[in-house]
Amino acid sequence: MRPLALTAYTATSCIGRGLAATHETLAAQRSGLAPCAFETVTLDTSVGEVPGLDSAALPAELGEFECRNNRLALLGLRQDGFADAVRECLGRHGRTRVGVWLGTSTSGILETEIAYRKRGPGGELPATFRYRGAHNTFSLAAFVRQVLGVAGPAAVISSACSSSAKVFASARRAIEAQLVDAAVVGGVDSLCLTTLYGFNSLQLVSRTPCRPFDAARDGISIGEAAAFALLERVPGSCDAGTALLLGTGESSDAHHMSTPHPQGRGARAAMLAALADAGLGPTDIDYINFHGTGTPGNDAAEARAVAATLGARVPGSSTKGATGHTLGAAGALEAVICTLALRHSLMPAGVNTTQVDPALEVHYLRENRPAPLRRVLSNSFGFGGSNCSLIFGRAG
Amino acid sequence: MSVAPALTASLRAVGLIGPGLPDWPTAAGVLAGGEYAAQPTVIPALECLPGAERRRTGTVVRLALNAGLEAVSRGAADAAALPAVFTSSGGDGLNCHEICETLASAERYISPTRFHNSVHNAAAGYWGIATGATAAANALCAHDASFGAGLIEALTQVQVEATAVLLIAYDASYPDPMRSVRPIPDAFAVALLLAPEVRAGALARLTVSVTDAPAARMDDAPLETLRASVPAARSLPLLRQLALGTAGRIVIDYLGDQRLSVEVA
């Protein structure tokens, strides 16, 4: 593929609102995970909650979109001048020439979960229930389109935990096909009961803050995040250091709905496809941001896949020990973390992990490592065997 | 500002399941002017999944997979080698309802199967297990624009990746109380097998661009009701053009502020 420029980007999660706070937390090797006190949840687990959302009601003119997920989306859009950058981009290209591709797994379902507790005597939902603006999976993209005034093609990709990695691939195809000149991509997922109780029923939730690639890892910690990027063709005079999307790779496991192929077959295919797309070889990757959820099976499969494709020498880490697993937002959040790593020449450590599993053939970073980085790879794998790898670099 | 260029692909085959429309040949006969007798959608069993997986699938997954299998079979394609684009407004509404009911109860225990079936890409996941397809599979939602969004995703893949792609758009009813806020009357799925190059037996060449012209409607009242009430059935004017077997340009619904123009040649 032809590289695309990330002309603006931002991330908001439990480790910070915006890039500066996110970088500061990563540089300090801190985790944002804390014991779960979310809503009425009684599970013994840690979560990565973004503070302040309960009191951050949407402005009245956006009331039809009211839900936690869109509150988080708006908070995210307001960081790092992202909305202003999109407005300038609309001025350059025209409102209909900019598209929106966003990922979410559960959209505003928390509102539906609460509405089901408030059903009337005939089982009816409360009159305030909003299907299109809150419940429907597309709610996020409809909301972001309206907030930013973007009027080009739009879709939500909802492929579980690969959702907001795959948006980069769809958006870059739309730009390549000249359907649009620029694209707002990203992901937003927020805490809800469906994912907390659902992952708990699969016995995939850790009681302690998650420890990816640790010998004693025992599950995920669920987090929430909003992360966005603005993708455009690389301008003729591109500032040195501009973050670039160099390659995307997608695949399917065709194996099982909720467990990865044990040898990481689909993960291998996604990484190889991303390398081929970028015209790079395995030795060109300087850092890997692992999917690294912290479940025994996921990390083992990913380690095998990475060893088979990139070799076990490439340093990598999972930043989910800091942010939690933000599910449909993880791909975009970790894409932004990759751009921070490139910008600050800093490979972030995988926090919480105290002893790397000796059974995993992997170069896992437990301490931050300063190093000039040219190209980094981010993995995102989801239920249904949906895999996506992204490669980022920097101009000049 | 540049003019929006068109996306184009060769259409090799269609699969379809809808109310009173058990397959594409039957639907084509109705859409070409035959009599339409609306009946509840009948969704066949799935023979292609292993027993344990088959027992875990809901009707919505069977709906999507059956439509996809029909298109692959009519197009004599190898499902295992095809990238797939799934698009649906609501996915598995019954499964979502059951989870919300459970979470509103004291127990809050969601079964593992119910949870992994709750992902919007459940149909894509089961498609891979059923057919062995290891290529990229996408899972899109754009509310009432879901068919148009899927068509755009599939066409950009055909054009940029130079590959054949299977598009499967599907929607089914919610149970009450969700049905009262999202009234989708019955299940409908359409699958289009799209490819870059024209091959013998291709049904048509499709060329799609964004327009603000109004969307075509169906002349037959029950078919128009179907088109207007099921997001996947927003494809019906395009399917009618294909059934008529003539060249022409039709406009289908997309996002609230724009439509898609489809040139059929």
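Guide: Let's start where the chains meet: strand β6 (residues 154–157) of chain A and β3(B) run antiparallel, joined by 2 bridges. Strands pair if DSSP finds at least two bridges between them; strands (E, at least two residues) and helices (H or I, at least four) are DSSP runs, numbered from the N terminus.

Visitor: Which residue is the bridge partner of Val156(A) in β3(B)?
Guide: That is Cys141(B). This is a predicted model, where local features need pLDDT of at least 70 and side-chain atom pairs count only at pLDDT 80 or more, while totals for chains, interfaces and linings use all residues. Residues are numbered from 1 along each chain as its sequence is written, with chains lettered from A and ligands numbered from 1 in the order in which they are written.

Visitor: How many residues of chain B are in contact with chain A?
Guide: 52 residues of chain B are in contact with 56 of chain A, counting C-beta atoms, placed from the backbone, that lie within 7 Å.

Visitor: And which element of chain B gives the largest share?
Guide: α7(B), with 7 residues.

Visitor: What about classes on that side of chain B?
Guide: It has 30 nonpolar, 16 polar and 6 charged residues. Here Ala, Val, Leu, Ile, Met, Phe, Trp, Tyr, Cys and Pro count as nonpolar, Asp, Glu, Lys and Arg as charged, and the others, Gly among them, as polar.

Visitor: Switching topic: what is the strand order in the open sheet of chain A?
Guide: The order is β3-β4-β8, 3 strands with mixed pairing. β3 (34–35) and β8 (222–223) of chain A each have a single partner strand, so one side of each lacks a neighbour in the sheet.

Visitor: What stands opposite Ser46(A)?
Guide: Pro35(A) does, with Ser46(A) lying in β4(A).

Notes: Contact = placed C-beta atoms within 7 Å.
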